[in-house]
Amino acid sequence: MASMRDIKRRKESVQSTQQITKAMKLVATVKLQKSRQRAENNKPYFNMLYDTICSILAKTRNVDHRFLKESKTNKKAVVAITSNRGLAGGYNSNVVKAILAADLPKEDTFVYAIGKKGIEGLRRKGYTIHQDLSEVINAPLFGDAMELTKQLLTQYEAGEIGEIYLAYTNFKNTVTQEAKVIKLLPIDPEDFDTTSVADDKLLMNFEPDDETVLDRVIPKYMSNIIFGAFLEAVASENGARMQAMDSATNNAADMIANLELSYNRARQGAITQELTEIIAGADAVG
Amino acid sequence: MAESKMTVKIIAPDRTFYEGDVSFIEFNTIEGIIGVYPRHIPMTVVIAPGVLKLETAEGTRQAALHSGFAEILGDSIKILAESVEWPEEIDRNRAEEAKLRAERRIKDSSMDANRAELALKRAVVRLSMTKH
């Protein structure tokens, strides 16, 4: 049995770790609230963009547009959104796993990585990082998403890449976050629900014409999806960290209770032993 | 003309910028400045940098609207603005600097002239709004 002093020291160390995890959990909770609010503020904008694209596509069926066509090159780009900090449970490794499961060939994929942890994970799996935009996730701005979209579109239009994917963690609620990979370009008209478009919108006129509007709307749609993904990723990161730290705090509490028990047992054992020794000593003298 | 109203909703990526009833709205599109009264035909237009004017019951309000697009549907207008600000949110010094920078870039042929042109337009709109 470990000595009393050892057990005590171990208990103290677990206690101070518990204090840290507890503090981290509180910080993550506050941050979660904020980031969730931001993610929700983005929803109306996103929904309307989606509706607009639906109505354009409903009206102009079979439109021949470069953003809708399959491209010839089989090179791909993926925007991987992870976090800069660890201690968030499976948050980062789930994104990496999702990318691996999405069947993106290692040699033919340009990785636009956001988040140091994801970069480490993807490098280990053999991906080359095309660009490191890690600082973005600390405080995502719409301008960042626009800048990234522009880079992706330049590459897309130059024919260097044929498909663009986005890997991020979808924030479902405080306890469930889901890492997923979605396709940004080329846009698949099947993804848009064109059947439920209201009749009055079918009379919609597009100025100057459908294609120009589609041309302008799709980059905006992309930057908004990316921006929305930033916000969701931040919310998910904090949610995941909150949960991870919550279970760490609980585990620490369990450990402390166990150590307390063995400490008391060791103490009781020591007292009993001492008593036995005294009695035995007294017997020998008497 | 009879006073009729239409609901205007201006949505920016991170907030709902404005929501309310107006009798007239004016803004700049890539096809030129347009003014919209209630019961307009359904139309979607792409916005160019310019001044947004709203005739509300309380009076005229202005804002700097830089990019995005608008969906006009008879009695309601939705504007998706990537960048929009009230005059009191504009930093005059910053706009002044941006204007000078853009002008310099337009002269310098090695820079992207289209981008500088857009930046100049934005700066001019911002400055014109804060003048009075």
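Read along the sequence, chain A of this predicted model follows the pattern α-α-β-α-β-α-β-α-β-β-α-β-α. Seven helices and six strands are found in the chain. Along the principal axes, the C-alpha atoms of chain A fill a box of roughly 115 × 40 × 30 Å. Of the 286 residues in chain A, 34% are buried. Among contacts in chain A with a separation of 6 or more, 80% are between residues 24 or more positions apart.

Five strands of chain A form an open sheet. Their order is β3-β2-β1-β4-β5, and the pairing is mixed. The edges are held by β3 (129-132) and β5 (177-185) of chain A. Each has a single partner strand, so one side of each is left without a neighbour in the sheet. From one strand to the next, the twist averages 20°. Strand β2 (residues 109-114) of chain A runs parallel to β3(A), and three bridges join the two. One residue pair can be named here: A:Ala113 has A:Asp132 in β3(A) as its bridge partner.

Helix α5 (residues 142-157) of chain A touches β1 (76-81), β2, β4 (163-171) and β5 of chain A. The direction of α5 makes about 165° with that of β1(A). Helix α7(A) also packs on the sheet, with β1, β4 and β5 of chain A as the strands touched. The direction of α7(A) makes about 35° with that of β4(A).

Chain A also meets chain B. The contact involves 24 residues of chain A and 20 residues of chain B. On the chain A side, the elements that give two or more residues are α1 (4-41), α2 (43-59), α6 (199-202), β6 (205-207) and α7 (210-285). The largest share, seven residues, comes from α7(A). By class, this side of chain A has 12 nonpolar, six polar and six charged residues. Strand pairing crosses between the chains as well. Three bridges join β6(A) to strand β4 (residues 40-47) of chain B, and the two strands run parallel. A:Glu207 stands opposite B:Val45 in β4(B).

Chain B is assigned two domains, domain 1 (6-87) and domain 2 (91-130). Their centres, taken over C-alpha atoms, are separated by 23 Å. Seven residues from domain 1 and eight residues from domain 2 take part in the contact between them. On the domain 1 side, β5 (50-56) and β6 (59-74) of chain B are the elements that give two or more residues. Three residues, the largest share of that side, come from β6(B).

A residue of chain B gives a local view. B:Ala98 is found in helix α1 (residues 92-107) of chain B. There are 18 other C-beta atoms within 10 Å of B:Ala98, so the residue is partly exposed. A buried residue would need 20 or more such atoms, and an exposed one 12 or fewer. Leaving aside neighbours within four places in sequence, B:Ala98 is in contact with B:Ala119 and B:Ala123. B:Arg61 lies 37 residues from B:Ala98 in sequence. In space, the two are 25 Å apart, C-alpha to C-alpha.

Notes. Residues are numbered from 1 along each chain as its sequence is written. Chains are lettered from A and ligands numbered from 1 in the order in which they are written. This is a predicted model: local features need pLDDT of at least 70, side-chain atom pairs count only at pLDDT 80 or more; totals for chains, interfaces and linings use all residues. Two residues are in contact if their C-beta atoms, placed from the backbone, lie within 7 Å. Helices (H or I, at least four residues) and strands (E, at least two) are DSSP runs, numbered from the N terminus. Ala, Val, Leu, Ile, Met, Phe, Trp, Tyr, Cys and Pro count as nonpolar, Asp, Glu, Lys and Arg as charged, and the others, Gly among them, as polar. Two strands pair if DSSP finds at least two bridges between them. Axes are lines fitted to C-alpha atoms, for helices over the stretch in contact, and angles run from 0 to 180 degrees between N-to-C directions. Domain bounds come from an automatic or database domain assignment.
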